[in-house]
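Dear colleague,

Here is the structure you asked for. My notes on it follow below.

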Amino acid sequence: MPGQAFPLRSLFAGALLAFAAAGAHAAQQPVKVGVALDVSGPFSALGAETRDGIALAVKLLDGKLGGVPAEFLQTDMGGDPDQARQLADRWIRRDHIDLFTGPIGSNVALAVGPALFAAKVPYLSANAGPSQFAGKQCNAYFFGATYQNDTVHEAAGKLASDRGFKKTALIAPNYPAGKDALTGFKRLFTGTVGDELYTKLGQLDYAAELAQLRASKPDSLYFFLPGAMGINFIKQFVAAGLSKDITLIAPAFSADEDIIPAVGEPMLGLLNTSYWAHDLDNPANRKFVAEFRKAYKRYPSLYAAQGYDVIMAMDAAVRAVGGKVSDRPALLKALKAASYASVRGNFRYGNNQYPIQDYYVRVIGRDAQGVITNKLAGKVLEAHRDAYYKDCALK
């Protein structure tokens, strides 16, 4: 149901939700945040992780942003761009939201962006980082708060080159983030690109693609298949015996804590790139991981970390403007300052409001208790920025 405030038990069963009502300080209007969720559809597992990260942040902030009562409106739009567009429009017109976040897919981000920008509602992306909003279509009201789509894949291209792979095949879903992914990988990969395969979004059977890979014989395969797509692909890839001759390389999105438990031992040794790791050593991250494991009894994924970080970014900005979120120029300035303790460590925004940050390699192994999980294995790129900032007119 649209426009409901947290908690909504049917969607958030088991999550720690302390999303406070606005009545505590009647004299001050609550800050209203629209959270478009993906807890069904092709990104459901990713959306659930994001939801849990957001819920934890709000709980730790006692349901407030910058010390001001906050109201978090949320609806599951299932990764549907049209439904998300209608939802955003309703929140703008009826609920007069002050901030927006949530969608996983870049196709959804591109769909909802124009209405939010026209209404001067800051959109802090909890995942999607489409190239369009990084370049000529950049906007002062869009913050790619996590990463630009290409960059994690650029780090993977650099990693594949550093490891000496000569012929790498590529596979991704045929939607904006999938195209950005393979473009990013090729940008920093110095070897030969073999097959470049685009699948349907949400595809679960990869028999045809695996047959083509068997015939072309690359020495490595870079795959961007988030959620259930990645789970099914890895299982089928290993079952087909291709792992004996082809090394898998992935972005974090295809080798994260939402996928590892569903696949198990075939994930061991898989290399992946990310701007964050649960064992990244900084105070904010140590607190986040400890609180998340206490609340949910599992390691957080990148999606959970992103959801948590976006709420903390909003908290810092609202605090900086003294709760006066109606002063949009001041709010935008505070958001761009990114003056909060991020789980990724220090970062800054470029002119296009996408992060300039470090990227790491992780390898899937076992922790001290024998749990299969990602482990930080080094840095791939330092203070890296996306390739599109020069096309952005923002200063």
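**The cavity and its lining**

The lining of the largest cavity is made up of 11 nonpolar residues, 5 polar ones and no charged ones. Please keep in mind that this is a predicted model. The lining comprises 16 residues, and those nearest the centre of the cavity are Asn127, Tyr147, Tyr175, Ala177 and Phe224. The volume of this largest cavity is about 90 Å³. The count of cavities of 30 Å³ or more in the structure is 1.

**The annotated domain**

An unreviewed UniProt entry places the feature "domain: Leucine-binding protein" at residues 30–364.

**The disulfide**

Searching the whole structure gives 1 disulfide. Its partners are Cys138 and Cys392, with 2.1 Å between their sulfur atoms. The pair joins distant parts of the chain, 254 residues apart: Cys138 sits in the loop between strand E6 (123–124) and strand E7 (142–143), and Cys392 in the segment after strand E15 (372–384). The link is right-handed, with 90° about the S-S bond.

Are these two cysteines buried or exposed? The cut-off for buried is under 20% relative accessible area. Cys138 has 13%, so it counts as buried. Cys392 has 7%, so it is buried as well.

**Aromatic residues**

The whole structure contains 24 aromatic pairs. One of them is Phe288 with Tyr308, a tilted pair with 4.5 Å from centre to centre and 40° between the planes. This pair also links distant parts of the chain, with Phe288 in helix H10 (residues 283–296) and Tyr308 in helix H11 (residues 302–320), 20 residues apart. Phe288 and Tyr308 are both buried.

Phe292 and Tyr296 form a tilted pair too, because their planes stand at 50°, with the ring centres 4.5 Å apart. Both of these residues belong to helix H10 and are 4 residues apart, about one turn of the helix. Phe292 has 0% relative accessibility and so counts as buried. Tyr296, at 11% relative accessibility, is buried by the cut-off too.

Finally, which residues form one aromatic cluster? They are Trp91, Phe100, Phe117, Tyr123, Phe133, Phe142 and Tyr354.

Regards

Conventions. Residues numbered from 1 in each chain as written. Predicted model: local features only at pLDDT ≥ 70, side-chain atom pairs only at ≥ 80, totals over all residues. Heavy atoms only, no water. 1 Å grid on protein atoms, 1.4 Å probe; cavity = no way out; pocket = protein on both sides within 12 Å on 5 of 7 lines; lining within 4 Å. Points joined across faces, edges and corners; volume = space filled by probe spheres on them. Nonpolar A, V, L, I, M, F, W, Y, C, P; charged D, E, K, R; others polar. UniProt positions renumbered as here; feature names shortened; annotations may be inferred. Disulfide = S-S within 2.5 Å. Helix = DSSP H or I, 4+ residues; strand = E, 2+ residues; numbered from the N terminus. Buried < 20%, exposed > 50% of the residue type's maximum accessible area, 1.4 Å probe, protein only. Phe/Tyr/Trp six-rings, centres within 6.5 Å; stacked < 30°, edge-to-face > 60°.
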